[in-house]
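Hi everyone, thanks for coming. I'd like to walk you through one model today, so please have a look at it with me.

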Amino acid sequence: MAQFVSSRTAVLLLVASLAVLATAAPKPSDWHVCDRHANYDILVKNVTINPDPVVSGEEMTFMVPAYTAKEITGGSVIVSVSFHGVTVHTERNDICEKAACPIAPGEFVLKNTEVLPGITPPGSYRIKLQFVGEEGEQLACANINFSIIWSASIAETLEGFNPIQLHKKIAKMQAPVAHT
């Protein structure tokens, strides 16, 4: 029982810590290519995220206008999401699901829309976005930094939440009872 309560205390303190992080001002999104010296077949021109910052539990869209000098008939888009340096989600999609194929030489736009779970912790995140060709060759790579905030309803729920008082209450519940 004591182990369960201490595990529960740890989880509650983690949630409380995340609540404190949620009050920090989010940073606007930014991006850069993974390797500035690489000669990618796809030139990523920009990355926009809407809304910025992303709101957990709500739809978010990122748009990637790009340019290619050669026709692309297939391949993959790999999206790896990291939270404080730890990969928390990776997905691989057919590039033709994110942009109309075949992609003719010239400009095109990759678009991805997702709804993050409402329990997604607020904070700073990074997406590593990779375009991979049909033969496994890397066509492009970009790192996208962005912030997630909690929705107003979750923020209101946590308003006035005091993790120290909660910890004291839980500690009292753990105190041994003297039997006479």
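This is a predicted model: local features need pLDDT of at least 70, side-chain atom pairs count only at pLDDT 80 or more; totals for chains, interfaces and linings use all residues.

Residues are numbered from 1 along each chain as its sequence is written, and side-chain values use heavy atoms, with hydrogens and water left out.

Let's begin with the big picture. The protein chain has 4 helices and 10 strands; these are DSSP runs numbered from the N terminus, H or I of at least four residues for helices and E of at least two for strands. Reading from the N terminus, the order is α-β-β-β-β-β-β-β-α-β-β-β-α-α.

How much of the chain is buried? Of its 180 residues, 36% count as buried, meaning under 20% relative accessible area, with exposed being over 50% and partly exposed in between, using a 1.4 Å probe and protein chains only. The accessible surface comes to about 10900 Å², and 57% of that belongs to carbon and sulfur atoms; the areas come from the Shrake-Rupley method with a 1.4 Å probe, and for residues only the protein chains shown count as cover. Among contacts (heavy atoms within 4.5 Å) with a separation of 6 or more, 66% are between residues 24 or more positions apart.

Now for the pairing, where two strands pair if DSSP finds at least two bridges between them. Strand S5, residues 59–68, runs antiparallel to S2, residues 42–44, with 3 bridges joining them. There, valine 44 sits opposite alanine 66 of S5. S3 and S5 also pair in the antiparallel sense, over 3 bridges, and threonine 48 faces methionine 63 in S5. S5 is joined to S8 by 10 bridges, again antiparallel, and glutamate 59 has valine 115 in S8 as its bridge partner.

Next, the backbone details. Where are the cis peptide bonds? One joins asparagine 50 and proline 51, with omega about 0°, and proline 51 lies in the loop between S3 (48–50) and S4 (54–55). Another runs from cysteine 101 to proline 102, with omega near -5°; proline 102 is in the loop between helix H2 (95–98) and strand S8 (106–115).

Finally, histidine 84 has a positive phi of about 55° although it is not a glycine. Histidine 84 is in the loop between S6 (76–83) and S7 (86–94), and histidine 84 is exposed, at 53% relative accessible area.
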